[in-house]
Amino acid sequence: MSVTNETWGSRIGLILAMAGNAVGLGNFLRFPVQAVQNGGGAFIIPYLICFLLMGIPLLFTEWSIGRYGGKLGNHSTPYILDSMSKKPIWKYIGVFGIFTNIAVVAYYTYIESWTFIYVLHTVFGTFTGMGKEEVSLFFDQYVNLTGSNSGIPLLPLIVYILVLGVNVYILSTGLGGIEKVAKIGMPLLIIFGIILAYQGWTMGADFATEEFPDANAWDGINFLWTPQYTSLADPKVWLAAAGQIFFTLSVGMGSIQCYASYVKENEDIALNSLSAGFTNEFVEVLLGSAIVIPIAAGFLGLDWVLENAGFGMAFQTMPYLFQQWGAVFGAFAGVCWFGLLFFAGITSSLAMGTPWMGFMKDEFGWGKVKGAVSFGLIALAMGLPTVLFYQYGYFDEYDYWAGTVSLVVFALLEIILFAWVFGIDKGWTELNRGADIQIPKVYKWIIKYVTPVMLLMVFVGALFTPEGNNWSGAIAALLDGQFFSLDSSSLISKITHDDIQAQILLNPEQAEFFEKKMFYSTLARVQLVFLFLIITAIVWYSTLNRKRTLI
């Protein structure tokens with residue numbers, strides 16, 4: 001085992017890097033869509049409660065676990081978790097902390113490449129004069145490899161490899177390079193966000209047209225910020241809010257533990273974790289909610305937004321809307337928007353490389369360059385199919401299993417380890433050692449009882465999602481002694497491809513396409529399982545290597 005002396009250069013660098021890890025594409029793309037799909041203001045109260053009862057406890061837990069393992073010379077979750085218990089099983093549960101990062105970065109970097117190429121298209125005026133449908137078609141052709149490639153065959157693949165290469169280069173410079181990117185990227189991201197949010201807050205009904213006479217940005221803002229207390233009784237909204245916490249804080253991945261493992265033994269983690277967490281919330285709640293939905297409502301009306309809100313709006317709708325501000329300011333707004341997304345993406349993807357590099361450094365003595373290049377090659381091997389077979393759901397399979405299910409499972413297991421195996425008293429002492437603030441003692445109780453129960457409810461809710469996400473009806477059926485029908489989006493239905501089978505029944509004329517989608521979805525799962533088994537085997541081999549070193 002090789003012990004590294006690498007540490008963060010400054011406290012602000014650490015906080016910005018941690019915030020950059022959390023602040024990602026989900027803050028600007030997923031959060032507003034989740035809010036719209038779950039009733040706007042009805043979503044905000046459960047979301048904030050989940051942040052306090054699940055998000056903050058998980059941040060406390062992962063920072064504590066990371067610093068504790070780091071002082072013993074461990075910088076990735078297999079041996080960080082192993083150091084907290086005598087049971088060898090925890091070392092293999094720690095595999096999730098490497099697996100998830102590699103699997104997620106494989107497709108996450110592809111989204112980064114979209115933001116990068118869209119900055120260039122905006123600068124060169126590609127979208128000038130395009131209608132709304134043309135801009136939407138441009139994106140569809142790009143991701144489906146059927147056009148929008150500027151005459152360069154497989155341009156999306158080339159741009160993807162380029163952006164992945166930039167990640168690898170920065171990772172090869174170590175924590176210093178990551179810190180520099182965070183110090184530049186995070187302030188620029190916030191500045192770009194403030195500029196666009198200001199537009200969203202001030203455009204009002206100035207851009208209403210004959211086609212959309214009721215367009216008003218304030219309708220979008222009011223929809224998102226008018227609390228609806230009835231949502232407190234809706235399990236569907238609570239599950240959506242809890243799920244968003246995972247996406248927004250990057251908990252359950254293993255990257256926070258890795259970053260925290262480079263914190264000095266008695267350096268504060270309590271205030272640092274809160275600072276990083278609240279920076280993320282500022283970006284998501286104040287900036288993320290003030291851009292896509294208000295601007296779209298200001299041009300197209302709230303009804304259009306409610307009907308069309310989705311992940312693709314960022315690329316299929318926003319370039320068209322920016323052009324309505326005029327050629328010059330429209331281009332500037334486009335650069336701000338896609339530049340913001342690029343910085344949000346790269347500060348997160350860089351964090352995903354550190355667990356693999358930390359593990360290979362600790363266990364096999366690999367240097368930064370070797371660790372970064374090997375990470376890039378594995379990510380490329382995993383990511384190529386997500387580019388080539390995007391239209392057949394390869395991307396979506398990675399996002400669901402690695403970017404959703406894996407996070408919840410790992411977070412649940414690690415908080416059980418921290419609070420019940422390692423022990424909440426020892427965990428609380430570790431969290432408060434060197435702390436610059438006094439954490440309310442109620443969090444000791446929350447970490448031990450409330451957060452694990454909430455995580456278990458999220459997992460069970462995903463496992464048995466009722467048809468139409470109608471939790472009220474499902475609970476009523478159970479109280480009557482009857483079981484409810486599962487939705488095609490439930491985890492159980494996903495495993496058996498019920499969601500795709502349902503699409504075949506609804507669209508028999510597209511049966512051939514959906515059968516291909518089923519084939520590639522299965523292939524994606526096989527690839528993910530293979531990756532997990534390979535990493536498990538490497539961890540197992542490292543235990544033999546450690547034993548040989550001790551002899």
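**View 1. Salt bridge between D82 and K91.** In this predicted model, the side chains of D82 and K91 form a salt bridge with an N to O distance of 4.0 Å. D82 is partly exposed, at 21% relative accessible area, whereas K91 is buried, at 9%. A search of the whole structure finds twelve salt bridges.

**View 2. Salt bridge between E179 and K183 in helix α9.** The side chains of these residues, E179 and K183, meet at 3.7 Å, N to O. E179 and K183 are four residues apart in helix α9, so about one helical turn separates them. E179 counts as buried, with 6% relative accessibility; K183 is partly exposed, with a relative accessible area of 39%.

**View 3. Salt bridge between R525 and E397.** The side chains of R525 and E397 meet in a salt bridge at 2.8 Å, N to O. Because R525 lies in helix α26 (residues 511-550) and E397 in helix α20 (residues 394-421), the pair ties together parts that are 128 residues apart in sequence. Both R525 and E397 are buried.

**View 4. S172 in the loop between α8 and α9.** S172 is placed in the loop that links α8 (155-171) and α9. The side chain of S172 reaches the backbone oxygen of Y169 at 2.5 Å. S172 counts as buried, at 19% relative accessibility, because the cut-off for buried is under 20%.

**View 5. Negative surface patch.** D214, D219, D303 and E307 form this patch. D214 is located in the loop between α9 (175-202) and α10 (217-225) and is exposed, with a relative accessible area of 63%.

Methods
Residues numbered from 1 in each chain as written. Predicted model: local features only at pLDDT ≥ 70, side-chain atom pairs only at ≥ 80, totals over all residues. Heavy atoms only, no water. Patch = residues over 30% accessible without salt bridge, like charges linked within 9 Å, V, L, I, M, F, W, Y side chains within 5 Å. Areas by Shrake-Rupley, 256 points an atom, 1.4 Å probe, with all protein chains shown as cover. Lys, Arg positive; Asp, Glu negative; His and termini not counted. Charge placed at Lys NZ, Arg CZ, Asp CG, Glu CD. Helix = DSSP H or I, 4+ residues; strand = E, 2+ residues; numbered from the N terminus. Buried < 20%, exposed > 50% of the residue type's maximum accessible area, 1.4 Å probe, protein only. Polar contact = N/O pair within 3.5 Å; in protein donor to acceptor, adjacent residues only side chain to side chain.
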